[in-house]
Each structure stands twice: as structure tokens, then as C-alpha cells.
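Visitor: I would like to go through this model with you, one question at a time. Could you begin with the term we shall need for describing which residues touch?

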Amino acid sequence: MKKPIYIFNDGELKRKDNTLFFIKDNEKKTIPINAVSEIHVFGEIDINKRALEFLTQNKIPLYFYNYYGYYIGSYYPREYLNAGIIILKQAEFYLNKEERLFLAKSFVSGGLSNILKNLNYYKKTKEEKITPYIEQIEEKSKEINNKSSISALMALEGEIRKIYYDAFNVILNFEDFYFDKRTKRPPENPINALISFGNSLIYTTILSQIYRTHLDPRIGYLHETNQRSFSLNLDLAEVFKPIIVDRVIFSLINKKQIQLKHFEQEIDFTYLNEKGRQVFIKLFEEKLATTINYKNIGKVSYRKLIRLECYKLYKHFLREDIYKPFITNW
């Protein structure tokens, strides 16, 4: 099975004949191209056109992250599965206000349901403290169907997320990771740094799965299709962030696998150091490889589950089946 590769060191990505190498300090390491699904680059690398052509031939996306570990851009190989009919259908559903709003609400309600699954899991041991957050979110959820615009829907989603993030201090058992509020640009404390880093990873993970379907990632429904390169992956991330990113964060902190030594702090800015990123990515990849029993298909990994979510959208656009977001049983 093909897997992602993460490059943390500085060096050169080079092709020779039908082989890809990563060269660091004159040390050459072969990258098994047939076993690679995508490449994530955190270090400073040199790469030439021949290597990019080779990645295109092998349908391997390349994702770049900045010094602080946050996603900044992609080398997205030429689409090889895009179908004209699906692109037209995606545009049709985007331009139709009711169709677009239906999908946007589906992504929000899917994310909300998975947030509640997380909270109800921790309610088993912290009932008195968790219950008020569950009740507030359930009350807010009643407003989803009443929203008549994307902006109003996104504002509601933001309110729900705020309540959810307030519950983090109940879920987390480590005082070093007190969470006061969500800050993104830049993240101001370790929890914000973990959320931002995890979100970057889930965005690129979903983008890689979209690449392997007939969908065009540039057309989103909850997130505006405008100047940004991709937005459909941001939509689908609403469904999967609670059950992948957030659970990884809860596990890392509560098991003390991630600690303050894994962060660097600047004025009003916190980010994971290289060791911290490696610890996070290890558990993130383990989570994506975890399998669950899914409907009549059998055991399916979370990574494959994301692909199946794309296929559900595909059927929705062709009016073969109405899209229903994945809701975890956890």
C-alpha cells in the first residue's frame, strides 16, 4: 500500500533515470517511488524540472510547509481523473443557491455530530463538567436549518467551535496545555499550535484523496471558491477534523507523548519544533491507518474513508444518491 513520505531535513530531491533520490550532505537515500502516495516537505529542498516531471508521471503530489510547519502550497500534478461532466456538475451545484447551501449545511452538521461524539465519549468519565458544553452545542445545532446564507452558517459554525474549544480544558489532563481561546495567525500557545498543525495535515491529506477521484478540489461549497487554490478539501475537513486531528491532540497530551519541550516560543507565536512535528505525524499517520467496520464494505482505514466521502459527493452531483456526511460511532 502506498504511503506518504515526510522530509524534515534540508537537501536535494533528484531524479536519475527511473529513480528518485533525496540527497543530504552527500548522502543519497532512495525514495521507493512505487510505494509513495504523496511527499510532504518541511525542510529546505532543491528540486528540478526532471524530478517534477517524474512526480507527475507517477501521480505524486508534493506539499510544502513553512519554517513553522504550516502548509503554504502544493505541486499538484496534472489531473488525470478529472471528468468534464463532474466539473460541470460541481459548478452547477455551486451556482445554485439551494444546492450549495444544502452541501454547506451537510458539512457543518457532519462536523457538529462528530464534535458531539467526542464530547459524549469524555462524558463517560467527566459527566458533570462535559454535559453543559454538550447541551449548549445541541441547542446551537437547532439553528443550522434556519440559516439562509453561507456567511450566517459559517458564523454559527464558529460559535459552535468556540464552545467546543472551551471544553478542551475539561478533556485535557495536563495543566501545561491550558486553552484560553483559538488563535490562528499566529497560534499563540501550544494548543493553538497543535490545532493549526493538525489542520494543515488534514487539509493536504484530503487533497491527496480528492486527487484520486473525479472531483475538482477548486470548487467548494461552505468555503468560498475564489482566489484560493483549493476549497473542497476545506469543506470535507469540517467532517474529519474532530475525529482525526482533535483525537490525535487529546491522545498526545493526555498520554504525555507531547510536552512543552516539543514547542518553540516567540513573541505571541508558538509552533512545534522538528521533534514535536515528528511525534504528531507518527500518531496522525497511525490514526489514518486505523480501520473501522464501515457499512457493507467491511474494514476501512480512515484514509480510505476520506476517499469514500469523495465518492459520496460524486454520486450526489450525479443525483444518484443524496450526500450524507460520515458520522463516527465512537
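Guide: Contact here means that heavy atoms lie within 4.5 Å. The model is a predicted one, and with that cut-off we can turn to its residues.

Visitor: Which residues does Thr204 touch, not counting residues up to four places away in sequence?

Guide: Thr204 is found in helix α7. Its relative accessible area is 1%, and because buried means under 20%, Thr204 counts as buried. Not counting residues up to four places away in sequence, Thr204 touches His40, Tyr63, Tyr65 and Tyr71.

Visitor: Tyr63, Tyr65 and Tyr71 also belong to one aromatic cluster; which residues form that cluster?

Guide: Rings of Phe, Tyr and Trp pair if their centres lie within 6.5 Å, and by this rule the count comes to 30 aromatic pairs. One aromatic cluster is formed by Tyr6, Phe8, Phe42, Tyr63, Tyr65, Tyr71, Phe197, Phe280 and Phe284.

Visitor: How many residues apart in sequence are the parts that the pair of Phe93 and Phe317 ties together?

Guide: A pair of aromatic rings is described by the distance of the centres and the angle of the planes. For Phe93 and Phe317 these are 5.2 Å centre to centre and 80° between the planes, which makes the pair edge-to-face. Phe93 is buried, with a relative accessible area of 0%, and Phe317 is buried with a relative accessible area of 0% as well. Phe93 lies in helix α2 (residues 84-95) and Phe317 in helix α10, so the parts that this pair ties together are apart in sequence by 224 residues.

Visitor: How are α7 and α10 oriented to each other?

Guide: Helix α7 (residues 190-211) and helix α10 (residues 302-317) pack with their axes 9 Å apart, at an angle of about 60°. The contact is made by Ile202, Thr205, Ile206, Gln209 and Ile210 of α7, together with Arg303, Ile306, Arg307 and Cys310 of α10, and these residues divide into five nonpolar, two polar and two charged. The crossing of α7 and α10 is right-handed. Given the angle of about 60°, α7 and α10 are therefore oblique.

Visitor: And is α3 roughly parallel or roughly antiparallel to α8?

Guide: Helix α3 (residues 97-123) packs with α8 at an angle of about 20°, their axes being 6 Å apart. Because angles under 35 degrees count as roughly parallel, α3 is, in relation to α8, roughly parallel.

Visitor: Which residues does Phe230 contact, leaving aside its neighbours within four places in sequence?

Guide: Phe230 has its place in the loop between α7 and α8 (232-254), and Phe230 is buried, with a relative accessible area of 15%. Its C-alpha atom is separated by 7.7 Å from that of Gly220, a residue ten places away along the chain. Leaving aside its neighbours within four places in sequence, Phe230 is in contact with Tyr71, Ser74, Tyr76, Leu207, Pro217 and Arg218.

Visitor: What is the phi of Asp25?

Guide: Most residues other than glycine have a negative phi. Asp25 is found in the loop between β3 (19-24) and β4 (27-31), where Asp25 is exposed, with a relative accessible area of 68%. Although Asp25 is not a glycine, its phi is positive, at about 50°.

Visitor: Where is Arg319, whose phi is also a positive value in a residue other than glycine?

Guide: Phi of Arg319 is near 60°. Arg319 is exposed, with a relative accessible area of 51%, and its place is in the segment after α10.

Technical notes: Residues numbered from 1 in each chain as written. Predicted model: local features only at pLDDT ≥ 70, side-chain atom pairs only at ≥ 80, totals over all residues. Heavy atoms only, no water. Axes fitted to C-alpha atoms, helices over the stretch in contact; angles between N-to-C directions. Helix = DSSP H or I, 4+ residues; strand = E, 2+ residues; numbered from the N terminus. Parallel < 35°, antiparallel > 145°, perpendicular 65-115°, else oblique. Left-handed = near helix turned anticlockwise from the far one by under 90°. Nonpolar A, V, L, I, M, F, W, Y, C, P; charged D, E, K, R; others polar. Phe/Tyr/Trp six-rings, centres within 6.5 Å; stacked < 30°, edge-to-face > 60°. Buried < 20%, exposed > 50% of the residue type's maximum accessible area, 1.4 Å probe, protein only.
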